[in-house]
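Hello,

Please open it first, then read the notes below.

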Amino acid sequence: MKQFVIPELGENIQSATIVKVLIKPGDIVQQDQSVLELETDKATIEVPSDVSGKVVEVKVNEGDQVEIGQLVFTVDADGAAATAPEEKKEAQPAPVVEAAAPAETPVPATSEAPAPAPVIEEQVAAPAPVVNTPVAGPKVIAVENQPPILQNAAPAAPSVRRLAREIGVDVNQVKGTGPGGRILLDDVKLHSKLMHQQRNEAQHIRAEQHQQPLPDFSKYGDVETIAMSNIRQKTAEHLSHAWHTIPHVTQFDKADITQLEEFRKSYAKTAEKFGVKLTVTAILVKIISSAMKTFPQFNASVDMQNKTIVYKKYFNIGIAVDTEFGLIVPVIKNADRMNIIEISKEINALAEKARNKKVGVADLQGGCFTITNLGGIGGTSFTPIVNSPEVAILGVSKGSIEPVYINGKFEPRLMLPLSLSYDHRIIDGADGIRFLRWVIEALENPMKLIIEG
Ligand code: CAO
């Protein structure tokens, strides 16, 4: 005769309530078969049998409060289908509570040997100890030394599963980089790191958006409260996200555009014939699309989830447009294939559409790099926020005449202040200034575009 007693249920769990008794006298019980459903203060647990044989007597009822070690039922091991050897009892893992308290999960000590498949609770009548989490929904854990139960399960060694459980990672969510997609220890660690990063980012963003309640300003004077427009909300969310996820560096420099300005003025009449006004913004679009060919890391996006960098082979430039509804960034597609007249026309058309609320979703998508020119209004410099998932943005401030020391004397030159913000995760400081110098040289000597662009 063998006995089944309430096994260890997890750290700090001494007792539980029986929700269901899944066996009765006369039943043939197999080892690992679920025999009880217990409710603890942390979770609902299915408890597997560590004995097999014919049930002789059941000593508990549904609703009973039971304690660890308490006798539940006895079996006649010689009964039909009795298969469990006595020594199995010691090797049986205790039920594991994962979702309710991942960091404290007690883990059965087992060898690496047979790599088990994880158990998905909803899909199997799991013979392994299973935990239902009442709040987060059913959650399943794998138990070492159990036979494979589910196909398409994440392939991972027991030690990997154990680590995942201990640090609260769902192994089924981890991308395996081992042979045949096998999940390695490092994959679990990386996944955990990313989870934490994302959680922190989300917290930061939430903190931004759900700030502490404002004081009652009306105590100090008249106020008016109006709802944020959609554009304002989206702008706030998008910029908060970019600010919290991208480590920004802003590099400042100035371009001498004296010659360029002379050319721009002399060319104004010709440009008019094409129906456009030639502006420094249009020229910059052309220059930036060429510079990105020389510096491909500026035409990229960072994928921290997969630890990859996506390099784009197309050159779409977004232009920040100031409208009465807020900031809108329409995108000039394939700017590298256009001449400056065509770019000017496109900027005018898109800016017009943006200001008349006619801009379509397609006009706003697919950008690789953004230019934000505040110089028509003023300013000596500013620190633009990278338009995520792009990795760089060029801010342009007001060009003005400055004394520049050339060949032993000061000369009045028209200097254009530029502010390049970039994502320091993939762009190093040296590359940042190289890129900006390339842009400046192209502004100062347009032949560079013809030769190198
Ligand atoms: N320095 C000095 N003058 C400048 C200049 C600069 N950096 N940029 C433009 N100008 C001048 C132009 O040469 C033009 O002068 P003229 O009439 O004498 O030729 C005048 O300012 C107006 O230019 P524009 O604004 O019509 O044309 P643009 O192509 O330079 O700019 C656009 C187009 C859409 C970028 C601009 O209208 C705009 O909306 N700028 C604001 C962008 C913005 O809000 N950025 C902030 C984003 S972050 O909040």
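**Ligand shell**

Sorted by class, the residues around the ligand are 8 nonpolar, 8 polar and 5 charged. Bear in mind that this is a predicted model.

The shell counts 21 residues in total. Thr279, Thr281, Arg355, Thr372 and Asn373 come nearest to the ligand.

Threonine 372 places a polar side-chain atom 2.8 Å from a ligand nitrogen. Asparagine 373 also has a polar side-chain atom 2.8 Å from a nitrogen atom of the ligand. For arginine 264, an N or O atom of the side chain is 3.3 Å from a ligand oxygen.

How much of the ligand does the protein bury? The ligand alone exposes 960 Å², and 68% of that is buried by the protein.

**Nonpolar cores**

In soluble globular proteins, nonpolar side chains tend to be buried together. Here, the largest nonpolar core holds 56 residues. Phe369, Phe435 and Leu443 have the most contacts inside it. Helix α6 (residues 280-294) supplies the largest share of this core, with 9 residues. A second core is separate and has 21 residues, among them Ala16, Val35, Leu38 and Val60.

What does phenylalanine 435 touch beyond its neighbours within four places in sequence? Its contacts there are Ile288, Ala291, Met292, Phe295, Phe298, Phe369 and Leu420.

Best regards

How values were computed:
Residues are numbered from 1 along each chain as its sequence is written. This is a predicted model: local features need pLDDT of at least 70, side-chain atom pairs count only at pLDDT 80 or more; totals for chains, interfaces and linings use all residues. Side-chain values use heavy atoms; hydrogens and water are left out. A nonpolar core is a set of buried Ala, Val, Leu, Ile, Met, Phe, Trp, Tyr and Cys residues joined through side-chain atoms within 4.5 Å. Buried means under 20% relative accessible area, exposed over 50%, partly exposed in between (1.4 Å probe, protein chains only). Helices (H or I, at least four residues) and strands (E, at least two) are DSSP runs, numbered from the N terminus. Contact means heavy atoms within 4.5 Å. A residue is near a molecule or strand if one of its heavy atoms lies within 4 Å of it. A polar contact is a pair of N or O atoms within 3.5 Å; within protein, one must be able to donate a hydrogen and the other to accept it, and residues adjacent in sequence count only if both atoms are side-chain atoms. Accessible areas come from the Shrake-Rupley method with a 1.4 Å probe; for residues, only the protein chains shown count as cover. Ala, Val, Leu, Ile, Met, Phe, Trp, Tyr, Cys and Pro count as nonpolar, Asp, Glu, Lys and Arg as charged, and the others, Gly among them, as polar.
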